[in-house]
Amino acid sequence: MTAVTAPRRRRSRGGRETAVAYGLIAPNLLLLGLFVLLPLAWAVSISFQRTDGFGGGVFTGLDNYARLLADPVFWRSTGNTLLFTLITTPLSMGLGLGAALLLNSVLPARAVFRSILILPMAVSGVATALIGLLVFDENSGVLNELLRFVGLPAVQWQSGGAAAFLSIVLVTLWWRTGFNMLIYLAGLQGLSPELQEAAMLDGTSWWQRLRLVTVPLLGPSSFFLLVINVIYSFQVFDLVFVMTGGGPQDATSVLVTYAYQNGFVVRDQGYAAAIGMVLLVFALVFTAVRWRTSRTKDLTG
Amino acid sequence: MRGRSPALPARGRNTDAMEPTRRQLIGGAGVLAAPLALAGCGFIPTGASPSADAQTLTFTTWGTSAELTGFRRAIASFQKARAGATVELNAVPYEQMFTNIDAQIQAGNPPDVFRVPYYTFGAYAGQGQLLDLSPHLSSGFADRFTPQAWAAVQSGGKPYGVPHHTDTSVVFVNRRALDDAGVGAVPQTADDAWTWSQFRAVAQRLRRAQPDRKYPFAVNWQGNGVTRWLSWLFQADGRFLNETLTASAIDSRAARTAVDFTRSFFPDRLVPANDSVKSTTYAADTWYDQTTAMVFSGAFAIPDADSALKFDWTATPAPRNVRAGGDFGGNALVATKGAEGKAELIAAFFEHVTQESQMRDFCERASLLPTRADLVEGGIEFAVRPELTPVLLGQARAVRAEDSAQVASPDMSKIISVLQDGLEQAFVGGRGVDATVQALASGIDRAVGA
């Protein structure tokens, strides 16, 4: 009897644990399904339709995707999105790592500096962009006033394509460096100092210790930040929408602002959904490739 | 070597099952707050769901405080005049207005009545989302409005709304900047408005008199305001759509003249480089900070300008070319198709709010222009800067019905996008006049499905 009851009891305890686990994960799964997966499936369906902007639509197969291929503004927006991602991701991470290394050392008043760097995270994207406008307004912005004050020519931050793009990148870096710094700082504080000391005893320089010990050990933080930064960059909207509106001449148009323009201004929601799908595929492919190629991802989650 | 202590498990915490833990409290609060948060985001309509009560209308609008006061006064007056009737006003920020309305239409619970700009009206009327008011309005109702106002609420020859008020652009001028440049008194009536060449001469005089970083003027064609570029087209006696609104009519000499004239503002440095149609800097901001000496703007801006500006300013009519002309700005009131069961109540409400006394009160308080023919002929006086009223009313009279009727096109949203792309290329992209007009013509044809 005893031999039979014990495994049954174990099974019953195991079943209860499974039920509890499902119970705990259920609210998240429900929210994920309701607010992410269902709208996603809906968006896929809309991307195959010619919509009237008010819920009605006619199935048109791959027409919207075919239109994308022949749309120069789509390609410009795709190029801008990729360029923006390529510039902001390494710079955000590099600046974040630099700041974290500084603030992890015996810098005086480091708590104040940490707070200053983290502060932009507490500000909403739209508010950040409005601050950006005050700084980069080419007629009366702070930056051009400063340039004029020191005798330099004013820059066309809003009417020059390259300068407008640069202004978006600079505000993004200001906004995002604090977040990168915070994650790296947490990573640095979790590193064992023995390894650094051992490397020091072996006669390594500061740069060698950084390159060969610290950065590899920060692999899980870097993996997380790389994925997050790339996804944030792919999805950039509020800064561009408020600061430049995608202009001048689409020089700062990115995929999300172009999707918004089509979905909510032109009311061509099928086409906007197709642009959204392209964005989704980019993000999924990048994450999958990075996941498979990363040796330092945090497998324990 | 510095050691780190492993995180200690929390001890001594009250784990009494009968008392809620902090986590449970936060979770509970989250559950309770979720519907509020969702409602705040516009996911759950708050006051805008169609009311089952046949004597209650739900009315969604945005507005300045003066406009909302005007609406509340009009509603109170209507409720007093019609015992038992109730109008539930749902005021929302402009930025959320039409994404909310569209979502509510898609979800099948739009408000009974909402306010809509004339250039957006066609998108709703043309897609069959609005109530055809022709069987419900009293005979002769149309006669109270100016022809240009009535034309702006027609779709397929039927009225799908009532023109509640209008606005159009004149030129606000910084008096001192013009004096410093030696420009004398500015015209006060549409008849003696500057011609294009006179306007250009004034601008060039300002250009010479002002320092390099200041500019003669700015034009308010940013964002959806790109329809204000059409003023120049109308002044050159051009059209952008044919009479049946089914094909482009912009490939014309008038359009070339308008593109050529407005395009020259940029290389001649008559406007700031960031005054293009896709700029995020509004023209008025450059006038407020005295980067520009003149700005194209409407009556709605008078109260803010009066309270905020420290310099002496006045207004002059928009310049004319072949004829005077202007954009037909402003907003209509419309009813959604699903509110047909309340059509009689809706028609009564629309008739009430467009009565002479109601429209006068609304327009004078909110500094907007009337759409009633009797009031346009000089029957109102703005509460703020009343001496500017004749300038604005004169400009409103210059708008023609054939101009405003084009803006009611059901494809206006797409046409706006075409205008933005085409004019941006001309103004800051260096595209030539002919290429611009051809791009506008083919884009408008695609937009209307011609």
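These numbered points go through a predicted model, from its chain interface to single residues.

1. **Chain B overall.** The secondary structure of chain B comes to 18 helices and 11 strands. Of its 450 residues, 50% count as buried. Among contacts in chain B with a separation of 6 or more, 78% are between residues 24 or more positions apart.

2. **The A–B interface.** In chain A, 27 residues are in contact with 27 residues of chain B. On the chain A side, helix H8 (193-201), helix H11 (238-243) and helix H12 (255-265) each supply at least two residues. H8(A) gives the largest share, 3 residues. By class, this side of chain A has 9 nonpolar, 12 polar and 6 charged residues.

3. **H10 and H13 of chain A.** Helix H10 (residues 219-234) of chain A packs on helix H13 (residues 269-293) of chain A at about 165°, and their axes are 10 Å apart. Angles over 145 degrees count as roughly antiparallel, so H10(A) is roughly antiparallel to H13(A). The crossing is right-handed. H10(A) contributes Leu226(A), Val227(A), Val230(A), Ile231(A) and Phe234(A) to the contact. H13(A) contributes Leu279(A), Phe282(A), Ala283(A), Phe286(A), Thr287(A) and Arg290(A). By class, the contact has 9 nonpolar, 1 polar and 1 charged residues.

4. **The loop between H11 and H12 of chain A.** Two backbone features deserve a check here. Pro248(A) lies in this loop. The peptide bond from Gly247(A) to Pro248(A) is cis, with omega near -10°. Gln249(A) lies in the loop between H11 and H12 of chain A as well. Gln249(A) has a positive phi of about 50°, although it is not a glycine. Is Gln249(A) buried or exposed? Gln249(A) has 21 other C-beta atoms within 10 Å, so it is buried. The cut-off for that class is 20 or more.

5. **H9 and H18 of chain B.** Helix H9 (residues 253-263) of chain B and helix H18 (residues 433-448) of chain B have axes that come within 9 Å and cross at roughly 120°. That makes H9(B) oblique to H18(B). The crossing of H9(B) and H18(B) is right-handed. On H9(B), the contact residues are Ala255(B), Arg256(B), Val259(B), Asp260(B) and Arg263(B). On H18(B), they are Val433(B), Thr436(B) and Val437(B). The residues of this contact divide into 4 nonpolar, 1 polar and 3 charged. As a general point, an α-helix has 3.6 residues a turn, so residues three or four places apart point the same way.

6. **A four-stranded sheet in chain B.** The sheet is open, has 4 strands in the order E8-E9-E7-E10 (chain B), and shows mixed pairing. Strand E8 (215-218) and strand E10 (313-316) of chain B stand at the edges. Each has a single partner strand, so one side of each is left without a neighbour in the sheet. The twist averages 20° from one strand to the next. E8(B) pairs with strand E9 (residues 292-297) of chain B in the parallel sense, over 3 bridges. Phe217(B) has Met294(B) in E9(B) as its bridge partner.

7. **H15 of chain B.** Helix H15 (residues 389-397) of chain B is mostly covered, with 7 of its 9 residues buried. These are Thr389(B), Val391(B), Leu392(B), Leu393(B), Gly394(B), Gln395(B) and Ala396(B). What covers the buried residues of H15(B)? The cover includes strand E6 (162-167), strand E7 (170-174), E10 and helix H14 (373-376) of chain B.

8. Val322(B) is found in the loop between E10 and strand E11 (329-335) of chain B. Which residues does Val322(B) touch, not counting those up to four places away in sequence? They are Gln235(B), Ala236(B) and Asp237(B). The C-alpha atoms of Val322(B) and Gln235(B) are separated by 5.9 Å, although these residues are 87 residues apart along the chain. Asp237(B) sits in the loop between helix H8 (230-235) and H9 of chain B. Asp237(B) is not a glycine, yet has a positive phi of about 65°. Val322(B) has 14 C-beta neighbours inside 10 Å, so it counts as partly exposed. Asp237(B), with 16 C-beta neighbours inside 10 Å, also counts as partly exposed.

Technical notes: Residues are numbered from 1 along each chain as its sequence is written. Chains are lettered from A and ligands numbered from 1 in the order in which they are written. This is a predicted model: local features need pLDDT of at least 70, side-chain atom pairs count only at pLDDT 80 or more; totals for chains, interfaces and linings use all residues. Two residues are in contact if their C-beta atoms, placed from the backbone, lie within 7 Å. Ala, Val, Leu, Ile, Met, Phe, Trp, Tyr, Cys and Pro count as nonpolar, Asp, Glu, Lys and Arg as charged, and the others, Gly among them, as polar. Axes are lines fitted to C-alpha atoms, for helices over the stretch in contact, and angles run from 0 to 180 degrees between N-to-C directions. Angles under 35 degrees count as roughly parallel, over 145 as roughly antiparallel, 65 to 115 as roughly perpendicular and the rest as oblique. A crossing is left-handed if the near helix is turned anticlockwise from the far one by less than a right angle, and right-handed if clockwise. Two strands pair if DSSP finds at least two bridges between them. A residue is buried if 20 or more other C-beta atoms lie within 10 Å of its own, exposed if 12 or fewer, and partly exposed in between; C-beta atoms are placed from the backbone.
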